[in-house]
Amino acid sequence: MATKKSQPQTNDTAQASDQQGASSELDTLRQIVFGAAKADLEHRLTLIEQHMQANFQQVEQAMLENVKELQTSLSESFDRLTTHISSVDKHFEDKTAELQSSTEKLSSELEMSDTNGRQETDELHTRLDKEVAMLTAKYDARFTEALARLDQVTKELSSTKTDRKTLAKLLATMAINLETDEE
């Protein structure tokens with residue numbers, strides 16, 4: 001039994017060595033016939049591979065630089081935009097505060113003006129009432145005085161019996177005096 005097991009192993013080994021020999025002969029023949037062309041083709045493939053690697057590295061480097069420039073540009077644009085927005089926002093807040101301040105100031109001034117106007121109107125009414133009362137009192141006093149004089153002159157005329165011409169002149173003079181007193 002032991003001999004049976006070793007026989008298949010030797011057959012496999014023999015076949016493998018026969019295949020190796022045939023393969024090596026085939027490789028030698030290929031080398032002779034296609035050796036220079038194969039070496040040239042392999043050399044060209046190596047050059048193409050190196051050239052492609054160099055181009056890929058250049059393209060990759062260029063893309064990395066473009067991406068970096070784009071990121072820098074975007075960052076700078078974002079910063080400028082943020083600064084501009086902040087500036088506009090600050091300007092808007094300042095203008096809003098200024099308008100609020102102006103509105104409050106105008107409201108306060110309007111209220112003060114309204115109060116002052118009412119006070120001045122009240123004072124003017126009071127003053128006018130006082131002046132009207134004073135003028136009325138003065139006019140009443142003068143009117144009373146004029147009536148008293150007229151009564152006195154009438155009594156004098158009645159008692160002295162002066163003529164009518166003198167009486168007319170006296171009344172005209174009194175009328176003139178009254179007119180100048182009223183003015």
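The model is predicted, so local features need pLDDT of at least 70 and side-chain atom pairs count only at pLDDT 80 or more, while totals for chains, interfaces and linings use all residues. Residues are numbered from 1 along each chain as its sequence is written, and side-chain values use heavy atoms, with hydrogens and water left out.

The protein contains 2 helices and 0 strands; these are DSSP runs (helices H or I, at least four residues; strands E, at least two), numbered from the N terminus. Of the 183 residues, 3% are buried (buried is under 20% relative accessible area, exposed over 50%, partly exposed in between, with a 1.4 Å probe and protein chains only).

The largest pocket holds about 460 Å³ of space. Among its 17 lining residues, Arg142, Phe143, Ala146, Leu178 and Asp181 are the closest to the centre. Helix H1 (2–160) and helix H2 (164–182) are the elements that give two or more residues to this lining, and H1 gives the most, with 10 residues. A pocket here is an open set of points on a 1 Å grid over the protein atoms alone, where a 1.4 Å probe fits, with protein on both sides within 12 Å along at least five of seven lines; lining residues have an atom within 4 Å of a point. Grid points are joined across faces, edges and corners, and the volume is the space filled by probe spheres set on the points.

The count of salt bridges is 4, each a side-chain nitrogen of Lys or Arg within 4 Å of a carboxyl oxygen of Asp or Glu. One of them joins Asp40 and Arg44, at 3.8 Å from N to O. These two residues are separated by about one helical turn, because Asp40 and Arg44 are 4 residues apart in helix H1. Asp40 is partly exposed, at 38% relative accessibility, whereas Arg44 is exposed, at 52%.

Asp114 forms a salt bridge with Arg118, with the closest N and O atoms 3.2 Å apart. Both lie in helix H1, 4 residues apart, about one turn of the helix. Glu131 and Arg127 also meet in a salt bridge, at 3.5 Å from N to O. Glu131 counts as partly exposed, at 36% relative accessibility, and Arg127 as exposed, at 53%.
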